Structure formats: structure tokens, C-alpha cells
Amino acid sequence: MPSLAEGAEGRGSTKGKMMQEARSRTQRRKDLQERLDRVRQAARRKAGGRLTALWHHVYDVDRLRESYFALRRKASPGVDGVTWSAYGEDLEAKLQDLSGRLQRGAYRARPVRRITIPKPDGRKRLIGIPALEDKLVQRATAEVLGAVYEAEMLGFSYGFRPGRGAHQALDAVSYAIQRRKVSWVLDADIRGFFDAIDHGWLVKMIEHRIADRRVIRHIKKWLSAGVLEDGKKHYVESGTPQGGSISPLLGNLYLHYVFDLWVEQWRRRQANGEVIVVRYADDLLVGFQTRADGERFQHELCERLQRFGLELNAGKTRLIEFGRFAAQTRKKRGAGKPETFDFLGFTHYCGQTRKGGFIVRRKSMAKRVRNKRKQVKLELRRRLHDPPPQVGAWLQQVLRGHYQYYGVPGNTRAMSNFRYQVLRLWHRSLKRRSHKARVLWPQMARLAKRWLPYPAIVHPYPAARFCALDPR
């Protein structure tokens, strides 16, 4: 029932307003999706042609609003210092102003704030943090361009695409090696890919399908905005900053033209045996029936990448003998067990089923687990004097997130080992709370039973999911 105050003032009930706003948001999302569907249909009708009218989809206030709410709430601010919550104050007025500037060409891209994150091997990863408005507009642009290019992307590309992810790529790798004639695997890594993208080539690739000059102009603005590092502004002639909302799409588009279309033609026209391909962003995995095909492909791939300003990371790129007959042929040569390869956080190795058949086994990469353990150790040190239930709730989230990614069939032992390592780190942390602290293992067992969940297999076998998603 509406309150007396609401009735006296002639207002509807609060509950009614909330339901009406929810319906309004749902209707807006439906309208935005229908507009993207029309873009997809136009892209299919003009396969190989150029689309001329796209920018009005970007500066649409409803799309900008949805892009704003899709951004990470707690992300670090860019050079403007504006956080997500601060921009949300008087949001509608700011979105209207932004839409107007985008429409009349008054929008200006800000430099990207660059920070460095140390890698486990001692090198540094450069991360770019755009200003909030730039991230917002980039996300809206990426949605529109994604609707255009999704129809053109090939089936073996899995990174940063709707309805696809790392586990679909992992399923494709296992299924293809087990079912196809694969005896050699090229695990290729492109050195500093996002920092090496050539701006000139990238713009040419976009112009191949996009004829809307406003879209091209704004992409050039983001590429040429420069970076701000240690208070100094630098202009860069290559690369797209990791951290920008549009960077994954631009990287995917670059490799679509540089690698995907080329490798599709190569395996049809030049390969002597079967070739399987799986790509997730800049992680490339190619399987071959013959070693000669693998060696020739690796050589020609290097030449192809160099043409577009890219190069393979020699330390991480390997052609190894792997597949159904690898163990047997290596045993005849006295070469030992087949080598393993790492892909998307898992170490892949040759195994056997209970009936003696060949199967691709997967386990958590040791390096990734070590890095995660170090992070947990540092965080436990920071939470040293927090109450055990509070720390336990956090560790519970850590383990559940770990199982959610690494919970594939056959990986239970590695996940159990990680849980035990977390338990030991927590035990050590509790003992260091005081020089008089005594924490016995029976007490730790009770804490572990309450807060540390046991490993769970959350993903199906590769063949089951791959065949369901790809009926071919």
C-alpha cells in the first residue's frame, strides 16, 4: 500500500517507481541490442564492403550510459584523476555533454597514464590507464566495431570475443590434438605484442571495412594521445596501451589480418598434412601432422610477422613432438618422454586413459601457482592482525576463484596441493601474530574445514563442451 505522504503529495509508490525504472533499463538494453543486431546484419550484407554510418551508435546517450556502468568501479583513475564514483555524480548531465562533444567533434583524448608491473622473470609489463571518459567512449566504440567484425572472425580465434573464452580455447586444443592427425605442436608467443602494433598498418586494416571517418579519426586520437610517465608526456608511434577498453579489439583485429587470414590460406594451399590452429589474443598454438610442415611454417611465420612490425619470442616459441604417437616414436629413438607445452595457464602433457588410449592431460602451470602463492603470502602479511574469520573469508574467495579457472578434469591433485600450500601459509601467519602464539594443527584443521573449500571440478571434459558449442 502507498504511504499517506505519497498519497497526499500525489506520488506513486516507491516500489512502483523502482519497478518502472527497472523496466525502463531493460527496455533500453533491448533497444541497444537491436541496434547492434542491425549493425551485424549490415556487416553481413556488405561482406567485403565498407560501412559508412556507425558513429551515431557510439555517441548515443543510452550506449554511453551502459558503457559507464560496465566499467570497473574500483579501477585506478587516469591522468584526469576522476574515479568511477566521482563521474557518477550528476551522471546524466555529464553524459549529455559528452555525447554533444562526440557529435560535433569537440571531444579530445587525454594521454594515458602508464605504470609498470614487474613480471616473474624480472622484466616489466607496461600498463596504460586511460582517463575515465576515454575508457567510456572506447568501450562504446568497441561494442559497435565488435558487431561489425564478429561476423568476419574465424572459428579458431577465441580471445576477447562474445561467448568465447580461455576454456573454449583449451577445449579446442585438447580435442583437436586427440582427434586429428597431430604429431608436432608449435607453441608461439609474440614478443611485446600490444606495444609493437604498428599504427599505420592498424588504421589501414580498420579502413578496409570502416568508411566512417569519425570512427577512424577518434581511433587515431587514442593512438596518438601519448603516454604520461613520471610526469612527462611521451608520444609513441606503435602499440596500443594494455588497459584501454578498445585495446583487446584492436589487438584482435590486427592479428586477424596479420595471422588468421594468412594461416587459413597457408594450411589450405601449402601444408602437406593436417594443420590445426588455436589463437587466444597473442597466444598462438599450431599443430602439424609432419615436422617438415612445422619447421617451414615457423620460418614463414617469422617473415610474415616482421612485415608488420612483430616478432616471435625465441625463448617462448618451441616446435615440439606431441600427440598420439609421440611417446611411441620417442621411445624407439631413446629420446625419453614427450615434451610438454604451456597454454593459457595449463601445462599440457601426453597421457593415457584407463583403457590405454591417448589423451591430452592438463595441470596447473607451476609458475602461475608459485606467483599466486607469493601474492597470498604478501596479502596474509598485510592482514596479519585481522580476525581469523575475516582472513578465512578472504582465503575462501581466493580458493573458489582458483578452482573456477583450474577446475578441469584430471587437475584435482594440483588444486589440492595449492589448497594445502594456502593452509600452511595461513598457519605460519597465525603463529607470527605474537611470539607467544601457539596454533596447533588440530585447530588449523577446524579452520580449514570451516573456511577452505576442497577442490571441485567445474568444467566438463573438452570433447563434451567443444562438440556442444561447435556441432561440426
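In what follows, Ala, Val, Leu, Ile, Met, Phe, Trp, Tyr, Cys and Pro count as nonpolar, Asp, Glu, Lys and Arg as charged, and the others, Gly among them, as polar. The model is predicted, and local features need pLDDT of at least 70, side-chain atom pairs count only at pLDDT 80 or more, and totals for chains, interfaces and linings use all residues. Residues are numbered from 1 along each chain as its sequence is written, and side-chain values use heavy atoms, with hydrogens and water left out.

The spaces come first. On a 1 Å grid over the protein atoms alone, a cavity is a set of points where a 1.4 Å probe fits but cannot get out, while a pocket is an open set with protein on both sides within 12 Å along at least five of seven lines; lining residues have an atom within 4 Å of a point. Grid points are joined across faces, edges and corners, and a volume is the space filled by probe spheres set on the points. Helices (H or I, at least four residues) and strands (E, at least two) are DSSP runs, numbered from the N terminus.

Five cavities of 30 Å³ or more are found in the structure. The largest cavity has a volume of about 100 Å³. It is lined by 15 residues, of which V112, Q138, W222, P241 and I246 are the closest to its centre. At least two residues of this lining come from each of α7 (132-149), α11 (213-224) and α12 (247-269). Nine residues of the lining are nonpolar, four are polar and two are charged.

The second largest cavity has a volume of about 70 Å³. Its lining comprises 14 residues, and those closest to its centre are A75, S76, W84, L132 and K135. By class, this lining has eight nonpolar, three polar and three charged residues.

Among the open spaces, the second largest pocket has a volume of about 1000 Å³. Of its 34 lining residues, R139, A142, G244, S245 and P248 are the closest to the centre. Two or more residues of the lining are given by each of β2 (124-129), α7 and α12, and α7 gives the most, with seven residues. The lining of this pocket divides into 17 nonpolar, nine polar and eight charged residues.

The helix pairs come next. Axes are lines fitted to C-alpha atoms, for helices over the stretch in contact, and angles run from 0 to 180 degrees between N-to-C directions. Angles under 35 degrees count as roughly parallel, over 145 as roughly antiparallel, 65 to 115 as roughly perpendicular and the rest as oblique. Contact means heavy atoms within 4.5 Å.

Helix α10 (residues 199-207) and α11 have axes that come within 11 Å and cross at roughly 160°, which means that α10 is roughly antiparallel to α11. In this pair, H199, L202, V203, I206 and E207 of α10 meet R213, I216, I219, K220 and L223 of α11. The contact has six nonpolar, one polar and three charged residues.

Helix α15 (residues 366-382) packs with helix α16 (residues 388-406) at an angle of about 165°, their axes being 12 Å apart. This makes α15 roughly antiparallel to α16. On the α15 side the contact is made by R368, K372, V376, E379 and L380, and on the α16 side by V391, W394, L395, V398 and Y406. These residues divide into seven nonpolar, no polar and three charged.

Towards the end of this account stand helix α17 (residues 412-431) and helix α18 (residues 441-451), whose axes come within 11 Å and cross at roughly 125°. The angle therefore makes α17 oblique to α18. From α17, the residues R419, L423, R424, W426, H427 and L430 take part in the contact, and from α18, W441, M444, L447, A448 and W451. Eight of these contact residues are nonpolar, one is polar and two are charged.
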